[in-house]
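Me: I'd like to learn how to read a model like this one. Can we take it feature by feature?

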Amino acid sequence: MQFICLQDNLKKGLAIVSHINNKNINLPILNNILFKATESGIELVSTNLEIGITHQLRGKVNETGETTVDAKIISDYVNLLPEDKVEFSENNNEASLRCGNYKTKIKTEAAKEFPLIPSIDRNKFCELNIFEFKKALSTVVFAVASSDNRLELSGVMFNFNDNQLIVAATDSYRLAEKKINIKNSSIDNGQIIVPARTVQEVLRIISGLSADAQSIDSDLLKIYLSENQILFTMDSVELISRLISGQYPDYKQIVPDKYKTEAVIKRQDLIRAIKASSIFSKNGVYDISLVLKKGLVNVYSSSGQSGESSIDLSADVTGDENDITINYRYLLDGLNIIDGDVVSLKVINNNTPCALCASEDDKYLYIVMPIRS
């Protein structure tokens, strides 16, 4: 096989596909990237058996063929090449690369040993704006459970509902939900659970593509679904992944319909006060108290070992006087995600979840459970 491409294109392509390559002792071929040169173009392929990534590399094919190369070796080497044309050829289990005055030979392994990337029926699909989709995922994925004790909580829930996609994640202590509009869809209404690692890879790939505006030919992302797999197509990249089997919890049951108190407050002021008060929270509890009164929110914490902190912030408070004790780390996670200068904090009492949202955005919701005394 033989092809020619630009160093910059090859460098970016390797960065896209090589991220899921981990040292695999039981199946060493998974440490490799599959290079496929066909009459229709050049493909770079990687897989860890849970996720498969394919990238269409821009270049000219002189001779068709396929081979696999160690992902780390070729990525590290290509990253150091000058910005020039790269000539890639393979023969007798050896890949030759030439770029300017750089020449190297890298051992290869037969492509027949590389696992097949599963194909998926492309009849059921939906289209979304790639940047809106990225923003939606980034506002919920941080709330995924870090433990695999409950497998269904280790992923992000996708709820297809007519012309809207709802993405949500929870670790049972906090919940993040975001709604985005679907441009076109043939997917039936229903829910699936996408592994957090898959969501993180999709976010990484979109960020890589959008870092260079000239590299994106389309701002549309397509999602294809089968019974147990999901396929994302993003410009020159396709990512296929297994889904998590199981039923996502009906979190709507814990989302209050009404609140007794609402405080609209400057976001940065609240962040600063929480960080200051967190210094005096109890080790391992991470507790701070919020007291909502007419015209202000008091942020308070105390510890027998370190002392105490009390900060009054101006706020537009409506409803009853109220208070709640909460994990400050969870609260900061939500505040750092929300856009805008002001946020809305909604409280019922100290025994029920409170809600945080952007005051002008009804499509994002962040719920935090209180710390009960």
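Me: Is Ser-172 buried, partly exposed or exposed?

Reply: First, keep in mind that this is a predicted model. Ser-172 is partly exposed, because its relative accessible area is 43%. Look for Ser-172 in the loop between β12 (164-170) and β13 (174-181).

Me: What is the phi of Ser-172?

Reply: Start with the general idea. Most residues other than glycine have a negative phi. Now the case here: phi of Ser-172 is near 80°, a positive value. Asn-93 also has a positive phi, near 60°. Asn-93 sits in the loop between β7 (85-90) and β8 (94-99).

Me: How accessible is Asn-93?

Reply: Its relative accessibility is 46%, so Asn-93 counts as partly exposed.

Me: Let's go inside. Which residues of the largest nonpolar core touch the most other members?

Reply: The general idea again comes first. In soluble globular proteins, nonpolar side chains tend to be buried together. Here the largest nonpolar core has 110 residues. The members that touch the most others are Phe-35, Phe-133, Phe-158, Phe-160, Ile-223, Phe-232 and Met-234. Helix α4 (residues 196-211) contributes the most to this core, with seven residues.

Me: What does Phe-35 touch?

Reply: Leave out residues up to four places away in sequence. Among the partners of Phe-35 are then Met-1, Phe-3, Leu-10, Leu-14, Ile-74 and Phe-88. The list also includes Glu-43 and Glu-66.

Me: Now helix pairs. At what angle do the axes of α5 and α6 cross?

Reply: Read the distance and the angle together. The axes of α5 (residues 267-278) and α6 (residues 328-337) come within 10 Å and cross at roughly 155°. Angles over 145 degrees count as roughly antiparallel, so α5 is roughly antiparallel to α6. The crossing of α5 past α6 is left-handed.

Me: Which residues make that α5 and α6 contact?

Reply: From α5 come Arg-267, Leu-270, Ile-271, Ile-274, Lys-275 and Ser-278. They meet Tyr-328, Leu-331, Leu-332, Leu-335 and Asn-336 of α6. By class, this contact has seven nonpolar, two polar and two charged residues.

Me: How do α1 and α2 cross?

Reply: Apply the reading steps once more. The axes of α1 (residues 7-17) and α2 (residues 71-79) come within 9 Å and cross at roughly 145°. α1 passes α2 in a left-handed crossing. Gln-7, Leu-10, Lys-11 and Leu-14 of α1 contact Ile-74, Ser-75, Val-78 and Asn-79 of α2. These residues divide into four nonpolar, three polar and one charged.

Note on methods. Residues are numbered from 1 along each chain as its sequence is written. This is a predicted model: local features need pLDDT of at least 70, side-chain atom pairs count only at pLDDT 80 or more; totals for chains, interfaces and linings use all residues. Side-chain values use heavy atoms; hydrogens and water are left out. A nonpolar core is a set of buried Ala, Val, Leu, Ile, Met, Phe, Trp, Tyr and Cys residues joined through side-chain atoms within 4.5 Å. Buried means under 20% relative accessible area, exposed over 50%, partly exposed in between (1.4 Å probe, protein chains only). Helices (H or I, at least four residues) and strands (E, at least two) are DSSP runs, numbered from the N terminus. Contact means heavy atoms within 4.5 Å. Axes are lines fitted to C-alpha atoms, for helices over the stretch in contact, and angles run from 0 to 180 degrees between N-to-C directions. Angles under 35 degrees count as roughly parallel, over 145 as roughly antiparallel, 65 to 115 as roughly perpendicular and the rest as oblique. A crossing is left-handed if the near helix is turned anticlockwise from the far one by less than a right angle, and right-handed if clockwise. Ala, Val, Leu, Ile, Met, Phe, Trp, Tyr, Cys and Pro count as nonpolar, Asp, Glu, Lys and Arg as charged, and the others, Gly among them, as polar.
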